[in-house]
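Reader: Please show me the chain. Then take me through how its parts pack.

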Amino acid sequence: MKAAIVVALAVTALSIGVLQAAQEAPKPAPTSGTNLGSVTGGMFKEAHLVIDNKCVTCHSAERIESAIAAGKDMQKIQHRMELKGVKLTADEQSVLGIFYKQSPLKPKK
């Protein structure tokens, strides 16, 4: 009887731990959206390619994700980076601008 109770408690504790870990695990960002400007199909991947090619040469992607998650004005930040020398094509500017507005990293209001 005691062994059955111990086993039941152990299973319950394990189940609770697994459920808590699943709730705390960060959800991956969606790989697509409905509209990212000039990018056909609205693939978020395209925005990440621009970020990987143009932005992370000076700082980490985590810094950008943190700024988006904090609700910072990414258009203003992008403009500052352009003043510092980053060269973005019109397509890259469009993709980033729309991505910042639709980003799954943005806080929900």
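Author: We start with a pair of helices. α2 and α5 pack with their axes 9 Å apart, at an angle of about 115°. Axes here are lines fitted to C-alpha atoms, for helices over the stretch in contact, and angles run from 0 to 180 degrees between N-to-C directions. This is a predicted model: local features need pLDDT of at least 70, side-chain atom pairs count only at pLDDT 80 or more, and totals for chains, interfaces and linings use all residues. Residues are numbered from 1 along each chain as its sequence is written, and side-chain values use heavy atoms, without hydrogens and water.

Reader: Which residues of α5 does α2 meet?

Author: Contact means heavy atoms within 4.5 Å. On the α2 side the residues are F44, E46, A47, H48, V50, I51 and K54. Their partners in α5 are E92, V95, L96, F99 and Q102.

Reader: How many helices and strands does the chain have?

Author: Helices (H or I, at least four residues) and strands (E, at least two) are DSSP runs, numbered from the N terminus. The elements run α-α-α-α-α from the N terminus on. The count is five helices and zero strands.

Reader: Is F99 buried or exposed?

Author: Buried means under 20% relative accessible area, exposed over 50%, partly exposed in between (1.4 Å probe, protein chains only). F99 has 1% relative accessibility, so F99 counts as buried.

Reader: Why is the pair of F99 and Y100 tilted?

Author: Rings of Phe, Tyr and Trp (its six-membered ring) pair if their centres lie within 6.5 Å; planes under 30 degrees apart count as stacked, over 60 as edge-to-face and the rest as tilted. The count comes to one aromatic pair. The F99 and Y100 rings have centres 6.3 Å apart and planes at 55°, so the pair is tilted.

Reader: Which residues does L88 touch?

Author: L88 sits in the loop between α4 (74-83) and α5. L88 is buried, at a relative accessible area of 16%. Not counting residues up to four places away in sequence, L88 touches V50, K54, Q78, E82, Q93 and L96.
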